[in-house]
Amino acid sequence: MRLSGFDSDGFLRDNWQQRPLLIRNPWNAWRNPLEPDELAGLACESEVESRLVIQTGDSWELEHGPLPAERFGQLGESPWTLLVQAVDHHVPQVAALLDRLRFIPNWRVDDVMVSYAEDGGGVGPHFDNYDVFLVQGLGRRRWQIGAKCDAATELLPHPELRLLAKFEAEQEWVLEPGDMLYIPPGIAHNGVAVGDDCMTYSIGFRAPARSELIAGWAEAMLAGLEEDDRYRDPGLIRQDNPGEITPRALSDLHAMITEALRDRDTFARWFGQYATAPKNPAIDWEPELPLDIEELRNRLEGGLSLLRNPAIRFSFIRGREDTLGLFVDGQHFACQGATAALAERLCADDRLAVDAALAGSDEVLELLLELLEQGSVAFDTGG
């Protein structure tokens, strides 16, 4: 599937984080990548995050998974919605949806949540703090778009669901299979299934809060500081009033903090690890048995490609000259020359065919061995 007739550059210029956009069936050939029964099966698994939302009149109930298989047969006539998080980590066909959105940096991608609803089902009017593409997979859903919201917007008093106390629709569309709706952060929206067997794929994007970044970066900095790195004031001059904290002291104290925080290279390494750290429990890809370099070289020269584990994040940050840092699942790998070229290709594509030039480098093969053994990549034996 490819996006057809879609101007990604125009979208980034005119819509991204600015205004909603309805995109009518931009796929060359849309095919729903997951059956409802398969989604229900995932919701029964303990390692998968799932929720069941039931609406009865004006009241909303929320149940957390894993759900017993018999629960679906016990649901009454009240509208309900099943939500399953990170389905792209478990179903390659769902992960393939992300390939069509690579005009947005990979590190911004969060996951693909899939919802299934019977007629009238939804999760109520709400807003998110991140960008989201809503792809209609099966059935029909009516989407209503409201005003911009923020932290001061009034919510209903529900312990877990962040539902809007007041919602007025300003735009409304009914999405058919293959249709896609983009909603920027903070925009109120409400989706309701029109008929049964309604499936929607919600592709969400990470938006780290300033408070999260400061807390994480400060914690990382603290771990590397020595206890004897303390304030010093040689050349101290007698003060007129000993109770004053002088501008000089404040400047020196402020510099103690800001000089460490301004270390861009250290920050880059920390952020690469932070941005690729696993959010959900890792999918247990059976790691390849340890190979020696020559056996690995023979396999690659024989035409075997490598696949990235869809549950693991890959990113890189360029360093000085031809160096870069490769970040995989919160780990850092220093790369240069041939390994840097490999890192760029690993981060660009889900499937990698290693050419003769790369296969001839022992450093490349050593890096691949490590990634194979920890389950970050695997051989593509499916042809």
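User: What stands opposite Met 180 in strand E9, seen from Ile 23?
Analyst: Ile 23 stands opposite Met 180 in E9. This is a predicted model, in which local features need pLDDT of at least 70, side-chain atom pairs count only at pLDDT 80 or more, and totals for chains, interfaces and linings use all residues. Residues are numbered from 1 along each chain as its sequence is written, and side-chain values use heavy atoms, with hydrogens and water left out.

User: What makes E1 and E9 a pair?
Analyst: Two strands pair if DSSP finds at least two bridges between them. Three bridges join E1 (residues 21-23) to E9, so the two strands pair. They run antiparallel. Strands here are DSSP runs of E with at least two residues, numbered from the N terminus.

User: Why is Thr 200 called buried?
Analyst: Buried means under 20% relative accessible area, exposed over 50%, and partly exposed in between (1.4 Å probe, protein chains only). Thr 200 has 1%, so Thr 200 is buried. Thr 200 lies in strand E11 (residues 198-205).

User: What makes the link between the side chains of Thr 200 and Gln 136 a polar contact?
Analyst: A polar contact is a pair of N or O atoms within 3.5 Å; within protein, one must be able to donate a hydrogen and the other to accept it, and residues adjacent in sequence count only if both atoms are side-chain atoms. The side chains of Thr 200 and Gln 136 are joined at 3.0 Å, so the distance meets the cut-off.

Notes:
Helix = DSSP H or I, 4+ residues; strand = E, 2+ residues; numbered from the N terminus.
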